[in-house]
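Dear colleague,

I am handing over a structure that I would like you to look at slowly, with the sequence beside it. Below it you will find what I came across, written out so that you can follow each point in the model.

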Amino acid sequence: MPTPSQPSYWRPLALAHQGLGPGPSFGQGLEGTLRAVEHLAYVQIDTLSVVERAHHHVLWNRVPGYCRDFLNQLTCSGQIFEYWFHAAAYLPVRDYRFALPRMLSFRRGESPYFRSVDPRLMAEILARVRGEGVLRTRYLKERAKAKGLWWDHGPGRRALDKLFMQGELMVRERKGMEKHYVLPEQCLPQGLDLREPSIDEMATYLLDSTVRAHGIVTWKQLLHLRTGPRLRAAMRDLLQSRCDQGDLVRLDGPALPDTYVARAAWATGRPAEASAAVQLLSPFDNAVIHRERLKQLFDFDYRLESYVPPAQRVYGYFCLPVVWQGNVVGRMDCKAERAANRLKVVRLHMEPGVAPAAPFFAGLNDAIHRLAAFCGCTDVEH
């Protein structure tokens, strides 16, 4: 039996907080999808569809009855929105104000990105959206040969992206990966808090949302891609205060340096229950996206090799982490060959020392066929 000083003790807790424990955590269907996004704080958007796009894959793993159009329904109804977390993501609209510091930084010219964008193009795009109500990204390609600078795909794309990052345009829905842009007032609900948060409020938001979503958190995870000495200082002060108040316990042993867990989880005196099902995760799943924490807590060294030259790949082009009984036990290289209605399993790699028995392979077979069905594939090739 592992002890609290060992990472393996906390693995089922971490997965349960992610909605990957035994039984559904968020309910079903559209309401379950909203609760999942609110609990996780963000769901990363990705364009890769080797198996399934990340935002759909993440939610399908957590919400029974998940449907791809749910995200459009929730953005159109003003309950979630698209913006940047550590990457492009869906976020709960209740947290909109915590996206404001980044938006305002772009407006103030503090960001090194998009500095060469012509403000006249931005003004013309805004005028067009006000007049027509919506702008679809395919218009950039359709009008590329028309006269007028902003219809040129490069400058127009950059101007559109800057307006989005500044919060002056929002994505109301996607058709496939094509975005439909509208003005913020067409998306945001009445009475939404639009005050820019202070540094202390931002630190509180990051800590609370990360502890809620993960159960056990590391210092580097809390400030993943967040910069600035003021925020770091505020987070250190907040962590010390929460530990002094007894809300958090700092583990900080050799195997878990600078790691924090909620007092309630610590006080149970027993590890969380693990799911008996085999789960095939997206490479961009919230549970595995912090690679250093993944290595520290699960002893799983993971790298997505889609961006690695073929000769340098160790495991395969698009490997899905395989979770079973509270551990990440392997990775499966696979792809959905939609033209042939087939999910092809290229290769299964088990972690060193993992020797699963028949129940694992039965569960894996079930997980593969469920994933194939979600990808629209009727056949599986092993």
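**A hairpin and its neighbours**

Strand E2 is joined to strand E3 by a hairpin of 3 residues, where strands (E, at least two residues) and helices (H or I, at least four residues) are DSSP runs numbered from the N terminus. Please keep in mind that this is a predicted model, in which local features need pLDDT of at least 70 and side-chain atom pairs count only at pLDDT 80 or more, while totals for chains, interfaces and linings use all residues. Residues are numbered from 1 along each chain as its sequence is written, and side-chain values use heavy atoms, with hydrogens and water left out.

E2 covers residues 80-84 and E3 covers residues 88-92, and the two pair in the antiparallel sense over 5 bridges; two strands are said to pair if DSSP finds at least two bridges between them. In general, the strands of a sheet pair through backbone hydrogen bonds, either parallel or antiparallel. Within this pair, Phe81 stands opposite Leu91, and the bridge partner of Tyr83 in E3 is Ala89. Ala89 is also the bridge partner of Gln44, and E1 and E3 pair in the antiparallel sense over 2 bridges.

Is E2 enclosed or open to the outside? Because 4 of its 5 residues are buried, E2 is largely enclosed by the rest of the structure, where buried means under 20% relative accessible area, exposed means over 50%, and partly exposed lies in between (1.4 Å probe, protein chains only). For E3 the count is likewise 4 buried residues of 5, so E3 too is largely enclosed by the rest of the structure.

Most residues other than glycine have a negative phi, and most peptide bonds are trans. Which value of phi does Ala41 have, although it is not a glycine? Its phi is positive, at about 80 degrees, and Ala41 sits in the loop between helix H2 (29-40) and strand E1 (43-44). Ala41 is buried, with a relative accessible area of 2%. Asp252 is another residue other than glycine with a positive phi, here near 55 degrees, and its place is the loop between strand E8 (248-250) and strand E9 (259-262). With a relative accessible area of 38%, Asp252 is partly exposed.

Pro64 lies in the loop between helix H3 (54-60) and helix H4 (70-76), and at 31% relative accessibility it counts as partly exposed. Leaving aside residues up to four places away in sequence, Pro64 touches Pro24, Gly27, Gln28 and Gly29, where a contact means heavy atoms within 4.5 Å. Between Pro64 and His290 there are 226 residues of sequence separation and 25 Å of space, C-alpha to C-alpha.

His214 belongs to helix H9 (residues 199-214) and is buried, with a relative accessible area of 4%. With residues up to four places away in sequence again not counted, the residues that His214 touches include Leu13, His17, Asn286 and Arg293.

**The protein as a whole**

Taken together, the secondary structure comes to 14 helices and 14 strands. The C-alpha trace spans about 70 × 60 × 40 Å along its principal axes, and buried residues make up 52% of the 382 residues. The radius of gyration of the protein is 22 Å, which agrees with the value near 21 Å that a compact globule of 382 residues would have; this radius is taken over C-alpha atoms, and the globule rule is 2.2 Å times the number of residues to the power 0.38. Of the contacts with a separation of 6 or more, 61% are between residues 24 or more positions apart.

With kind regards
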